[in-house]
Amino acid sequence: MSLPKDDDTTLSMRWSQGVLLKRDVFSTVERGRFRADDGEVDGVLRRLDQVPFWSFGLALHLFSRERRALTLARDLDVGPKLLWAGRRALVRGFIDGAALHLAKPHGDVAYFRSAKAALRKLHRAGICHNDLAKEQNWLVGRDGRAYLTDFQLAACFKTRNRLFRIAAYEDLRHLLKHKRSYAPEALTPKERKVLAKKSAVASIWLKTGKKVYQAITRGIFNFTDREGGGRRLVNDAPVLIDLIRKNPQVRDTAIVAFADRRVGVGLYAFVEADQSALEKTLRNELTAARGVKPPEHIQIVHALPRDAAGKPRTEILQLVAMNQIDLIEPMIRSDADREFLKDILEQRKNLRDRFNFEVAEMDRPTG
């Protein structure tokens, strides 16, 4: 299925492809450069020309929802700015920042204050996001402010009717769930009441509709619902981790996904061990195992950065894999962190790509 002629003509003149971020049965997403009226800017392109015929109807519906919401939110400065929209493709601006689950803004009251203000702006414009339970749809911008992304499920309302009020309430409740995770001491008594009470629609959805949705998207469409890492991160990473841990010299490992200019989505394995020469051995073992493609990068580290519970700090490893080194400094909590991170950073494998992806948090099994 090809793009309409006018879409194709515009993109050929104004879009410079950088790297494939995601391809599934609903769209293809690319990161690159877009020639706007006032010069070239970083952008993200969503296109439907490689969507299979049997999912095209739903894909077009989701695309239309995102296009309408981004059009209404163009000047709100709470999400990616719509740079251009055609019938089956659109380009939105790139927000320089990290997803909430990577940035982990513990105790950052100002961030959640800006998040609430962003949501208020969105609702005043008659837009409800409808997908804010996912931490990856909340970004922590380089300026410290909150931004929202991925508007495929957004709904736009002309009046503040009952359905709008329910959807807006759920948007707020999901924001407050994230605030409870990262800044619980900042919750007000009123916010705690909101958290304690789901809307009737949400309760019914959790018991019925969500199960049907997951059965269709994960079963029929094999859709992982994880922007960036996709099926390879979800399906291949656990298998690779089990294979890597079979080597007796390996103490622990964690795998993250990153943008690779050659294959689209690459896997980066951080392996905790003492012998740096182990990398070649592991690559040979993974290649001999067959069935699952080995990670593009394997880095041996003397110690993985860990949180207070002893789990690998995959949010830091994710930024190393993406070569977003400048975002790591605010996450350093001690001199010990800085010491062993110095070794990781100096030996890192990916020195080119700087794009946002998801994490496979595979903690060492107990027992």
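**Aromatic pairs**

Modeller: The structure holds four aromatic pairs, where rings of Phe, Tyr and Trp (its six-membered ring) pair if their centres lie within 6.5 Å. This is a predicted model, in which local features need pLDDT of at least 70 and side-chain atom pairs count only at pLDDT 80 or more, while totals for chains, interfaces and linings use all residues. Residues are numbered from 1 along each chain as its sequence is written, and side-chain values use heavy atoms, with hydrogens and water left out.

Biologist: What describes a pair of aromatic rings?

Modeller: The distance of the centres and the angle of the planes describe such a pair. Planes under 30 degrees apart count as stacked, over 60 as edge-to-face and the rest as tilted. The ring centres of F157 and F164 lie 5.4 Å apart with planes at 75°, so this pair is edge-to-face.

Biologist: How is the pair of Y268 and F270 arranged?

Modeller: Their centres are 4.4 Å apart and their planes stand at 15°, so Y268 and F270 are stacked. Ring pairs also link F258, Y268 and F270 into a cluster.

Biologist: Are F157 and F164 buried or exposed?

Modeller: Both F157 and F164 are buried, that is, under 20% relative accessible area with a 1.4 Å probe, counting protein chains only. Y268 and F270 are buried as well.

Biologist: Where does the charged end of R31 sit?

Modeller: A charge sits over a ring if NZ of Lys or CZ of Arg is within 6 Å of the ring centre and within 35 degrees of the ring normal. The charged end of R31 sits over the ring of F94, 3.6 Å from its centre.

Methods:
Buried < 20%, exposed > 50% of the residue type's maximum accessible area, 1.4 Å probe, protein only.
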